[in-house]
Amino acid sequence: LLDEPTNHLDLGRIARLAGWMADLPRAVAVIAASHDRAFLDEAMGRTLFLRAEKSRFFALPYSAARAALAEADGADARLYQNRMREVEQLRRQAAKLKNIGINSGSDLLVVKTKQLTERAEKIETAARPAHQERSAGAIRLSNSGTHAKALITLSDAMIATPDGRALFATGQKWIERGDRVVLLGANGAGKTQMMEAVRRACEGVEGQIRAVPALRLGHSDQVLAQLPDRATPFDLVSRMGQADQATRSLLAGAGIRVDRQGERVATLSGGQKARLAMLILRLGQPNFYLLDEPTNHLDVEGQEALEGELLAQGATCLLVSHDRSFVRNVGSRFWQIDGKRLIEVEDPETFFRVQAQG
């Protein structure tokens, strides 16, 4: 029984976990709950979608099951529409017969009208609308404009550990408006130190990494350190200049109910914290996002919503993620830590393959 087994694992360990699961004897049953779509495709052969009214099961990996689910939901929607058209037709017939019966004084037509009405009500009661998938809360981002073409410039910066040990050199690189740069590297290669170096530059620390003055940073790390445990969601959002009612509406839209908005952040679920972090980022109206494992704790719908917003807003960002589906869908440029240097690669697939092979 595995609950989010890939959270906080690097790509190599995710691949080893998937391989270990594939080698288990068929007599060993495995139930896994995960939001890592690529992992589910590799490791699981059957998929159960839990729903309040009627759960759906498919003897297929996740992506194929998702397509089958969409097809089944489409069939349900068409059936429901047909049933509603039948109901409307029966009610029109009943209304027409009722008028004729009243004018003619025909008891037979009155009985027929009642029968048609009862039949329409029976069909309407039995019919169920097609399932509408709703995530725990919308994720919307902004992308405030700037006239600067290159927001971040790296001039052969040396990335080092906190105690000064050199990890790698960046070479000469730029992040321009609209770039969605994914930082790739093995566990311990220096991704976190690189993100910290860029963050410091965005906050005005001078060095070989420079940010333009017009840059407004939106930063989220993988442990969501920007959310103090003792603060409440209401306090954090209202501090962004929102009126009380607007604050409550925004938090509700992010999946945090009114009765939870005054409770401490420490009591929220991982998904609620992730959505709260994205909401606060948006309210800060950044034009550059620095995102370290932004999909941790987000459900699949939340991941897809974040992907959609990053793409739709033309957001500029530097991000780290071990979620292969997220990386493939969002990334427009890929920087890989290769030994003691940072190189740009065409796509992440070779890196993914090498990491999977260990």
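A salt bridge is a side-chain nitrogen of Lys or Arg within 4 Å of a carboxyl oxygen of Asp or Glu. The model is predicted, so local features need pLDDT of at least 70 and side-chain atom pairs pLDDT 80 or more, while totals for chains, interfaces and linings use all residues. Residues are numbered from 1 along each chain as its sequence is written, and side-chain values use heavy atoms, with hydrogens and water left out.

Start by selecting Arg260 and Glu263. They form a salt bridge, with 2.8 Å between the closest N and O atoms. Arg260 is buried at 16% relative accessibility (buried means under 20% relative accessible area, exposed over 50%, partly exposed in between; 1.4 Å probe, protein chains only). Glu263, at 32%, is partly exposed.

Next, select Asp338 and Arg341. Their salt bridge has its closest N and O atoms 3.3 Å apart. Asp338 is partly exposed at 32%, and Arg341 is partly exposed at 48%.

Move on to Arg66 and Glu304, whose side chains meet in a salt bridge at 3.0 Å, N to O. Arg66 is in helix α3 and Glu304 in helix α9, so the pair ties together parts 238 residues apart in sequence (helices are DSSP runs of H or I, at least four residues, and strands of E, at least two, numbered from the N terminus). Arg66 has a relative accessible area of 26%, and Glu304 has 31%.

The whole structure has 19 salt bridges.
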